[in-house]
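Please look over the sequence and the fold before reading on.

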Amino acid sequence: KKVFYVTGEVKQPSSYNFEAGLTVIQALTMAGGVNDKAAPNRIKIIRTKDGKEQLLEDVKMDQGVQPNDVIVVPESYF
């Protein structure tokens, strides 16, 4: 089965079952939402494609999630 991962400043960092059409905001909701230390405007996705890791920055909430993506919610500096 296909999964994706949510890590960083979310309430329930874990792996979750991937569903087609999933967006970043839906993925964050599955992870219980961001916590009060999160910087949701600086979310990154680590995506492995053809065996190479890519870091996607400037991620939008409606961006599509792919299987095995790692969604990273960084801590806010303030």
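The sections below describe the overall fold, the sheet, the hairpins and some side-chain contacts.

## Basis of the model

This is a predicted model, in which local features need pLDDT of at least 70 and side-chain atom pairs count only at pLDDT 80 or more, while totals for chains, interfaces and linings use all residues. Residues are numbered from 1 along each chain as its sequence is written, and side-chain values use heavy atoms, with hydrogens and water left out.

## Overall fold

Helices (H or I, at least four residues) and strands (E, at least two) are DSSP runs, numbered from the N terminus.

The C-alpha trace spans about 35 × 20 × 20 Å along its principal axes. The protein has a radius of gyration of 12 Å, which agrees with the value near 12 Å for a compact globule of 78 residues. This radius is taken over C-alpha atoms, and the globule rule is 2.2 Å times the number of residues to the power 0.38.

## The sheet

The five strands form an open sheet in the order β2-β1-β5-β3-β4, with mixed pairing. Because β2 (14-17) and β4 (52-56) stand at the edges with a single partner strand each, one side of each is left without a neighbour in the sheet. From one strand to the next, the twist averages 25°; axes here are lines fitted to C-alpha atoms (for helices over the stretch in contact), and angles run from 0 to 180 degrees between N-to-C directions.

Two strands count as paired if DSSP finds at least two bridges between them. Strand β1 (residues 3-8) pairs with strand β5 (residues 70-73) in the parallel sense over four bridges, and Y5 stands opposite V70 in β5. Strands β3 and β5 run antiparallel and are joined by three bridges, with I71 in β5 as the bridge partner of I45.

## The two hairpins

A hairpin of five residues leads from β1 to β2. These strands pair in the antiparallel sense over four bridges, and V3 has N17 in β2 as its bridge partner.

Strands β3 and β4 also form a hairpin, with two residues between them. In its turn, D50 has a positive phi of about 55°. The two strands run antiparallel, joined by five bridges. The bridge partner of K49 is K52 in β4, and I46 stands opposite L55 in β4.

## Side-chain contacts

N35 lies in the loop between α1 (24-30) and β3 (44-49). Its neighbours within four places in sequence aside, N35 is in contact with E9, V10 and K11, where contact means heavy atoms within 4.5 Å. The side chains of N35 and E9 make a polar contact at 3.0 Å. A polar contact is a pair of N or O atoms within 3.5 Å; within protein, one must be able to donate a hydrogen and the other to accept it, and residues adjacent in sequence count only if both atoms are side-chain atoms.

The charged end of R42 sits over the ring of Y77, 4.3 Å from its centre. The criterion is that NZ of Lys or CZ of Arg is within 6 Å of the ring centre and within 35 degrees of the ring normal.
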